[in-house]
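Open the model in your viewer and keep the selection tool at hand. The tour below moves from the whole chain to single residues.

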Amino acid sequence: MKGSGQQKPSNGGIGVGVSASTLMQMNESQNEGASQSRSSASSGRPVRELKVEDALLYLDQVKMEFGDKPEIYNEFLDIMKNFKAQAIDTIDVIGRVSTLFHGYNKLILGFNTFLPSGFKINLNDIEELSRVNAAKIAANEEQKQQRQQQQQQQQFRLAQMSSLPMLFADRAKQV
């Protein structure tokens, strides 16, 4: 794209082309046969044809946002590959992407562009997911503390048991 004044998204790497087409396919797969007016009314988004450049730009945004955490970008690509392989459905994709991008509302809301008609992530969904995740984290922390307490109690009991033979030996000497 030399001289055009536009930058080409820098998404080099294995799987990016597949994921860009998967993003496009996600939007198209469940919109087949749907009328343009119904699509616009049900999603609340203006209907426009998605282009591969839209998907590449989104992938570039994800990559840039998580430049210091490539595992998140790679996990996103894996989610898209699983969708393409029909291992997961749209609802699963929404949940996984929302969880993966937790705290990055712009990316989560930007993912709406690729969702089929009738599917949309809104801020209330993100806030609810945050509450659920916070509750899970708190529950996990509580379980971790309980396990630590149990381990400490077991270690204390073992220490007491290991000192019993010495106590018996001392008492035997005294008698």
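In what order do the elements of the chain run from the N terminus on? Colour the chain by secondary structure and follow it: the order is α-α-α-α-α-α-α. The count is seven helices and zero strands. Keep in mind that this is a predicted model.

**The whole chain**

Of its 175 residues, 28% count as buried. Now consider the contacts in the chain with a separation of 6 or more: 67% of them are between residues 24 or more positions apart.

**The largest nonpolar core**

Hide the surface and select Leu23, Tyr58, Phe76, Met80, Val93, Phe101 and Phe111. These belong to the largest nonpolar core, which has 31 residues, and they touch the most other members. Which helices each supply at least two residues of this core? Select α1 (16–29), α3 (52–65), α4 (70–84), α5 (90–100) and α6 (105–110) to see them. The largest share comes from α4, with seven residues. As background, nonpolar side chains tend to be buried together in soluble globular proteins.

**Phe111**

Next, centre the view on Phe111. Leaving aside residues up to four places away in sequence, Phe111 touches Leu23, Met26, Tyr58, Phe76, Met80, Val93, Val97 and Ile121. Among these, Leu23, Tyr58, Phe76, Met80 and Val93 were in the previous core selection.

**α4 against α5**

- From α4, select Ile72, Glu75, Phe76, Ile79, Met80, Asn82 and Phe83.
- From α5, select Thr90, Val93, Arg96, Val97 and Leu100.

Colour this selection by residue class. The contact of α4 with α5 has eight nonpolar, two polar and two charged residues.

**Gly110**

For the last stop, select Gly110, which lies in helix α6. Is Gly110 buried, partly exposed or exposed? Its relative accessible area is 23%. Buried means under 20% and exposed over 50%, so Gly110 is partly exposed. Finally, draw a distance from the C-alpha atom of Gly110 to that of Tyr58: the two are 52 residues apart along the chain and separated by 7.7 Å.

Technical notes:
Residues are numbered from 1 along each chain as its sequence is written. This is a predicted model: local features need pLDDT of at least 70, side-chain atom pairs count only at pLDDT 80 or more; totals for chains, interfaces and linings use all residues. Side-chain values use heavy atoms; hydrogens and water are left out. A nonpolar core is a set of buried Ala, Val, Leu, Ile, Met, Phe, Trp, Tyr and Cys residues joined through side-chain atoms within 4.5 Å. Buried means under 20% relative accessible area, exposed over 50%, partly exposed in between (1.4 Å probe, protein chains only). Helices (H or I, at least four residues) and strands (E, at least two) are DSSP runs, numbered from the N terminus. Contact means heavy atoms within 4.5 Å. Ala, Val, Leu, Ile, Met, Phe, Trp, Tyr, Cys and Pro count as nonpolar, Asp, Glu, Lys and Arg as charged, and the others, Gly among them, as polar.
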